[in-house]
Amino acid sequence: MKRHSNNFIEHSLIGTLDFLKESLFAEEFALKKGFLQLLDPRIKVLTFLLLIIQAVLIKNILILFYLYALCLLLAAISRINLGFFLKRTWVFIPLFSLVIAIPALFSIFSPGEALVTFKLLSIKFVITQQGLSGAALFVMRVITCVSFAVLMSITTKHFELLKVLRIFKVPQVFVMIAGMCYRYVYLFIGIIENTYLAIKSRTGTRIHYKRGQQIVAWNIAYLWSRSYCLNEQVYQAMLSRGYTGEPEVLNDFRARIKDWLWLFCVLGICAFLFYLSRR
Amino acid sequence: MDSQIFELRNVHFSYLGKFPALCGIDVEINRGEKIAVIGANGSGKSTLLQMLDGLIFPGQGQIKVFGKELKESDFQDADFSENFRKKIGLVFQNPDVQLFCPTVREDILFGPLQLGMKKKEIEARLEEVVGILGINGLLERSPHQLSIGEKRKIAIASTLIINPDVLILDEPTAGLDPLTTRHIIELLIDENAAGKTIITSTHDLHIVEEIADRVFVFSQEKKIIRSGNPCEILDDIQLLEDNNLIHVHSHRHTGKTHTHPHQHLEHHHEG
């Protein structure tokens, strides 16, 4: 029993740290030389916002499907593994949409023409055609939006995204804190991993759960104390290099012809889809 | 006196008002000098360096910088603060503290941008510093992807780019391989030859002669117990032993067991 509990903690800890490292720090796809990776990050973020807004406004499932297909095409020409991409995006669907979409299938919420009728615990459930098409439209809209958002984040280096935020006039202090969080989360992941290994090397695998709780609690306190100390030192290091409260940054993005072409292309797509949906 | 940069008189400092870190420090440092501060862990070296960089201030005693008494309130004057930070640069002991930006390039540019340097000047300095330290391939990487030696180089670059008159370094060679250590020593010698005042704290006794004209030895009582030229200090085995800078140990090589004070200078005498 104890072994199981230890394995559970070990798997959870290692799994969480690995997930954080892989999802936040790997930048495997952002470093590839695909279509989206080579775009100016400002234009990329702007065009993706336009496409997401378009997906939110469209009420025709077929047009949404074309937009989703465009997203998959962009992923493919950006050298993203489609299997990975689909897994990464569809994993959000139960989270964001099924809870809302499933009740919408039934006649209670979406009255209309009955499509399927069944009984459960002597209660009659009716799935309506209107309910089904509404739920399908909703799921399609969510997957399209999520796909564009994920595609943008995995094809852009995190520091470029932060720089884009600055350019879009998000307060510098906020962007700087976000960047520092990113930087120091990695440092603390390293500390947690090493602390865990140090504990393991001295305690072996069998340990009473109460002692385990004490060790974990002590380590949380220790980590907090380390982060507090680091916070003071980092601030001193900032002061030492002239920081006075409002960070200055260098804007070194350069948009090229290809970036402007892509912007006009997306504007054209949006206008065309808008026209189609209004027809 | 024009050539004097720092003058500390009977300086005391304690953390949280109850943990003494400096007890009665008297120091004078002149323009263009190479100074080494040596002492065991926790003897007050880093605290002194932070005080010289205007990050902490004496609880008692007086510190003068460029002939003027330095007070915490002076830094409320933006011009004074900018001028001071341009003239004095500190490389922290832990490079993770100093490298807080998402990329190496942003970390190096942080100082010049805060200090209002012009874009062209920043670009020229960046190119120069990158060339001196050989870090061209690292600019677009995140600091967390670097080795400790690379991080130290970037931390030095992020201070050196400001082109300060006084370069203060807190244990710049700690934990580095011999080649990187040599690279950093040569850099410090070159910067001093170019007119900078170099103040370095270290445990590495074998680099002291190269990086210092004068050495301050800290005792466990958080005081400067001796100062003098490197030869004088390094030849005083008793002084070094008493202050935990060398220790007597036994080891075995070429089939014989030796017992002697552990100090690297011996190897040079043998050679």
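## Helix pairs in chain A

Ile63(A), Leu67(A), Leu70(A) and Leu74(A) of α3(A) meet Trp262(A), Ile269(A), Leu273(A), Leu276(A) and Ser277(A) of α10(A); contact means heavy atoms within 4.5 Å. The model is predicted: local features need pLDDT of at least 70 and side-chain atom pairs pLDDT 80 or more, while totals for chains, interfaces and linings use all residues. Residues are numbered from 1 along each chain as its sequence is written, chains are lettered from A and ligands numbered from 1 in the order written, and side-chain values use heavy atoms, without hydrogens and water.

Helix α3 of chain A covers residues 61-77, and α10 of chain A covers 257-278. Helices (H or I, at least four residues) and strands (E, at least two) are DSSP runs, numbered from the N terminus. The two axes come within 10 Å and cross at roughly 160°. Axes are lines fitted to C-alpha atoms, for helices over the stretch in contact, and angles run from 0 to 180 degrees between N-to-C directions. That makes α3(A) roughly antiparallel to α10(A) (under 35 degrees counts as roughly parallel, over 145 as roughly antiparallel, 65 to 115 as roughly perpendicular, the rest as oblique). Their crossing is right-handed, meaning that the near helix is turned clockwise from the far one by less than a right angle.

A second pair is α2 (residues 41-57) and α6 (residues 129-154) of chain A. Their axes come within 9 Å and cross at roughly 175°. So α2(A) is roughly antiparallel to α6(A). Residues of α2(A) in this contact include Val45(A), Phe48(A) and Leu51(A); those of α6(A) include Arg141(A), Phe148(A) and Met152(A).

## The open sheet of chain B

Four strands of chain B form an open sheet in the order β2-β1-β4-β5, with antiparallel pairing. Strands pair if DSSP finds at least two bridges between them. The edges are β2 (19-30) and β5 (68-69) of chain B; each has a single partner strand, so one side of each lacks a neighbour in the sheet. Strand β1 (residues 4-15) of chain B pairs with β2(B) over nine bridges. Phe13(B) has Leu22(B) in β2(B) as its bridge partner.

Helix α1 (residues 45-52) of chain B packs on this sheet. Helix α1(B) touches β1, β2 and β4 (60-65) of chain B, and its direction makes about 125° with that of β1(B).

## A parallel pair in chain B

Strand β6 (residues 88-91) of chain B points Ile88(B) and Leu90(B) one way and Gly89(B) and Val91(B) the other; all are buried (under 20% relative accessible area; exposed is over 50%, partly exposed in between; 1.4 Å probe, protein chains only). Four bridges join β6(B) to β7 (residues 166-170) of chain B, and the two run parallel. Ile88(B) stands opposite Val166(B).

## Nonpolar cores

A nonpolar core is a set of buried Ala, Val, Leu, Ile, Met, Phe, Trp, Tyr and Cys residues joined through side-chain atoms within 4.5 Å. The largest has 47 residues; Phe6(B), Leu8(B), Leu52(B), Phe100(B) and Ile199(B) have the most contacts inside it. Its largest share, six residues, comes from α8 (residues 172-203) of chain A. A second, separate core of 45 residues includes Leu67(A), Leu74(A), Ile127(A) and Ile143(A).

Leu230(A) lies in α9 (residues 209-240) of chain A. Leu230(A) is buried, at 10% relative accessible area. Not counting residues up to four places away in sequence, Leu230(A) touches Tyr184(A), Leu187(A), Phe188(A) and Val97(B).

Asn243(B) sits in the loop between α10 (237-242) and β11 (248-253) of chain B. Its relative accessible area is 6%, so Asn243(B) is buried. Beyond neighbours within four places in sequence, contacts of Asn243(B) include Ala40(B), Phe218(B) and Ile225(B).
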